[in-house]
Amino acid sequence: MELPVLGWQALVILVVFGISLLIATYSTYAERVIAAFLQDRVGPDRAGPFGLLQPLADAVKLFTKEEFFPAGANRALFVFGPCLAMVTALMASAVIPFGNYLQFGTTIIHLQGIEVNIGMLYVFGVVSLGVYGIMIGGWASNNKFSLLGAIRAASQNISYELAMGMALIAVLMMSGTLSLREITLQQSVPGEWHFWNIVKQPLGFIIFIVCAFAETNRTPFDLPECETELVGGYHTEYSSMKMGLYLFAEYINVFVASAVMSVLYFGGFNFPFQYELREAIAQSQGAVTAQNIITILGVVAVFIKIFSFIFFFMWVRWTLPRFRYDQLMRLGWTILIPLAIFNIILTGGLILLHVIK
Amino acid sequence: MQSLSNRAKKLEKKPMTLAERAYLPAIFQGLSITLRHFFSKKATIRYPEETRPFSPVFRGLHVLKRDEQGRERCTACGLCAVACPAEAITMVAGERKKGEEGLYREEKYAVSYEINMLRCIFCGLCEEACPKAAVYLQADKMAPPRFERDEFIYGKDRLVEPVAPDTRSKRGIQLTPEQAQALNAKLAQPA
C-alpha cells in the first residue's frame with residue numbers, strides 16, 4: 001500500500017475520467033428513454049436487456065460511417081474542433097470533489113482529481129474554452145449555416161457566462177474561497193444538515209441553472225444547432241465520429257454542469273444526518289472505518305444529486321420549445337444579469353446584517 | 001365594423017400579469033404535465049412479439065371452404081365474380097368426373113379460381129353473394145407482403161381450405177378426404 005500520493009491521485013483522475021465518459025455514454029441512452037417515457041413511448045429496447053447495449057450500437061454505427069470532409073474546409077481545424085470540444089468538456093470534471101477522503105492506514109486518498117484552491121475559476125476557464133470547439137468547428141466547415149451557428153454559440157456562451165459568474169459571486173461572498181472542496185465542506189455543520197447553499201441562495205441558483213442550460217447548449221437554449229433555421233447549426237458538415245464527439249461533449253458538459261450545481265448549491269457529498277451516522281458507526285467500528293463508510297455514502301449522495309440534475313436537464317429538454325434568438329439575448333442581458341447583480345447586493349446586505357454567513 | 005351575425009367575439013389583449021411575465025410558473029406547469037406522462041401507460045406495442053388485435057369488423061384474406069365431408073363447396077357459379085366491385089375474381093368452371101365425388105360437392109366445380117389481391121378491396125361482397133357459403137373473408141389473416149406482383153394472384157392452391165394441416169402441397173395437389181385421413185394417421189404414428 002506504499003504507493004506515492006501521486007500514484008493514487010493518477011488513479012483517481014483516471015477513474016474520474018472513466019466515470020465521466022461512462023455517464024456521458026449512458027446519458028445518450030437515458031435521454032432516449034426519458035424522451036420516450038415523457039411521450040408515452042417505450043424507447044430503445046432491442047439492443048440487449050432493456051436496450052442497455054444501445055450506446056454500443058450507436059458507437060459502432062458512428063465509427064463505421066463515412067468520414068466526410070467538405071470541399072474548401074480547413075482539414076486540420078476541422079478535426080481539431082470536435083477534439084477540443086471533447087477535451088475541454090472532460091477537463092472540467094477533474095476538480096469536482098466526488099467524495100471526501102478514504103483512509104487506508106496512513107494513506108489518505110481524496111476522491112477528487114486535483115485539489116486546486118481556484119477550483120471554480122478553473123471550471124469557468126475550461127468551460128469558456130469549450131466555445132472554441134464549437135467556434136472552430138463552425139469556421140472550419142466552410143459552411144455559412146455552420147458559421148452562423150458557431151457565432152450564435154459564441155455570443156450565447158459569452159452572454160450567459162456573465163450572469164453565471166455573477167450568480168456565483170454571491171456564493172463566493174459567503175464561502176470566501178474558490179476551492180470546490182472547501183465550498184462543499186462549508187455546507188455542512190455538525191448537528192445541522194440544511195446548510196446547503198440552495199437555502200441561502202435560491203435566486204442565485206435559479207440564475208445559475210438557467211445559465212447552465214445555456215452554457216451546455218441544451219434546449220431551450222440550443223440555438224447553435226437550431227435545425228429549423230440553421231440546418232444543423234455548427235455541426236452541419238460533420239459526420240461519423242466527429243459528429244459523435246460533439247454530441248458526446250454536450251453530454252459530458254451536462255454531467256459537469258450537474259456536478260458543479262450539486263457541489264455549489266446542494267452540498268456535494270454531504271447528506272442529511274451524516275454526523276449522527278458517523279458517531280454511531282465510530283462507536284462500534286472505530287473512527288477510520290466510520291470516515292470511510294461516510295465517504296462512500298457521500299459519493300453515493302453526490303451521484304444521486306448529479307443524476308437528478310441530469311434527469312432535470314432531459315426533462316426540460318422534452319418539455320420546453322427553444323427560445324427565439326432575440327428572446328434569448330434579452331433574457332440574458334436584461335433579466336438575468338440585473339437579477340444577478342441584485343442578488344449580489346442582497347447577499348452583501350444580508351451578510352452585513354449577519355443574517356447569513 | 002358591424003357584425004352581421006352577432007356571433008363575432010371581441011378579443012381584448014390584457015397586459016400580462018407578473019406571474020405570466022416571470023415565465024417560471026408556466027415552465028413548472030409544463031414540467032408537471034410532462035412528468036405525469038412519464039408515469040402514464042405506454043401506447044407502444046412491441047410488434048413482432050405483440051400484435052394489435054384486429055377490429056371485430058375486420059375482413060382479411062379469402063378462404064374457399066370445404067363442406068363437412070371435406071369436399072369443395074364452390075360450384076363456380078361466378079356470382080362472386082359478378083358481385084366483386086374491383087373485378088378481382090376470375091374462375092374457370094369444369095365438370096366433375098366419375099370418381100371425384102369425394103373432391104367436389106356438386107357436378108360443377110372450379111377448375112381454377114383466382115383472386116388478385118392487388119385489386120381486391122376486401123369489401124366482403126363476394127362472401128355475401130356466394131349461394132354455397134364457399135368463400136369467406138377470414139377475420140384474423142391478412143394477405144402477406146410479397147416482392148413480385150404475380151405472387152399476389154392467389155390460386156386455388158392458396159385459397160382452398162386445407163383438409164388437414166400438412167396434407168396440402170404448395171403445388172396445389174388436392175387430396176381426397178380419405179387420402180388425407182390416411183396421411184394424417186401415418187403422420188400421427190410415432191416413427
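Guide: A salt bridge here is a side-chain nitrogen of Lys or Arg within 4 Å of a carboxyl oxygen of Asp or Glu. The model is predicted. By that cut-off, B:Arg71 and B:Asp67 form a salt bridge through their side chains, with 3.1 Å from N to O. B:Arg71 is buried at a relative accessible area of 18%, and B:Asp67 is buried too, at 6%.

Over all chains, the structure holds 17 salt bridges. One of them joins the side chains of A:Arg317 and A:Glu31 at 2.9 Å, N to O. This pair links distant parts of the chain, since A:Arg317 sits in helix H12 of chain A and A:Glu31 in helix H1 of chain A, 286 residues apart. A:Arg317 is partly exposed, with a relative accessible area of 26%, whereas A:Glu31 is buried, with 3% relative accessibility. The two residues also belong to a network of salt bridges that links A:Glu31, A:Arg218, A:Glu250 and A:Arg317.

Another salt bridge is made by the side chains of A:Asp58 and A:Arg32, with an N to O distance of 2.7 Å. A:Asp58 lies in helix H2 of chain A, residues 54–64, and A:Arg32 lies in helix H1 of chain A, so the pair ties together parts that are 26 residues apart in sequence. A:Asp58 is buried at 18% relative accessible area, while A:Arg32 is partly exposed at 34%. In general, side chains of opposite charge can pair when their charged atoms come close.

Next comes the place where the chains meet. Chain A gives 17 residues to the contact and chain B gives 18 residues. About 1500 Å² is buried between chain A and chain B, 69% of it on carbon and sulfur atoms. There are 2 salt bridges between chain A and chain B. The side chains of B:Glu49 and A:Arg46 form a salt bridge at 3.1 Å, N to O. Across the interface of chain A and chain B, 10 residue pairs are in polar contact, with both residues at pLDDT 80 or more. On the side of chain A that touches chain B, helix H1 (5–38) and helix H12 (287–317) of chain A each supply at least two residues. H12(A) has the largest share of that side, 4 residues. Sorted by class, the side of chain A that touches chain B has 12 nonpolar, 1 polar and 4 charged residues.

That leaves the cysteines. A disulfide is a covalent bond between the sulfur atoms of two cysteines. A search of the whole structure finds 0 disulfides over all chains. The cut-off that matters here is 2.5 Å between cysteine sulfur atoms. For B:Cys77, the closest cysteine sulfur is that of B:Cys130, and at 6.0 Å it is too far for a bond. For B:Cys80, the closest cysteine sulfur is in B:Cys77, and the 6.1 Å between them is again too far for a bond. B:Cys77 counts as partly exposed, at 40% relative accessibility, whereas B:Cys80 counts as buried, at 7%.

Technical notes: Residues are numbered from 1 along each chain as its sequence is written. Chains are lettered from A and ligands numbered from 1 in the order in which they are written. This is a predicted model: local features need pLDDT of at least 70, side-chain atom pairs count only at pLDDT 80 or more; totals for chains, interfaces and linings use all residues. Side-chain values use heavy atoms; hydrogens and water are left out. Buried means under 20% relative accessible area, exposed over 50%, partly exposed in between (1.4 Å probe, protein chains only). Contact means heavy atoms within 4.5 Å. Buried area is the accessible area (1.4 Å probe) that two parts lose on being put together, summed over both. A polar contact is a pair of N or O atoms within 3.5 Å; within protein, one must be able to donate a hydrogen and the other to accept it, and residues adjacent in sequence count only if both atoms are side-chain atoms. Ala, Val, Leu, Ile, Met, Phe, Trp, Tyr, Cys and Pro count as nonpolar, Asp, Glu, Lys and Arg as charged, and the others, Gly among them, as polar.
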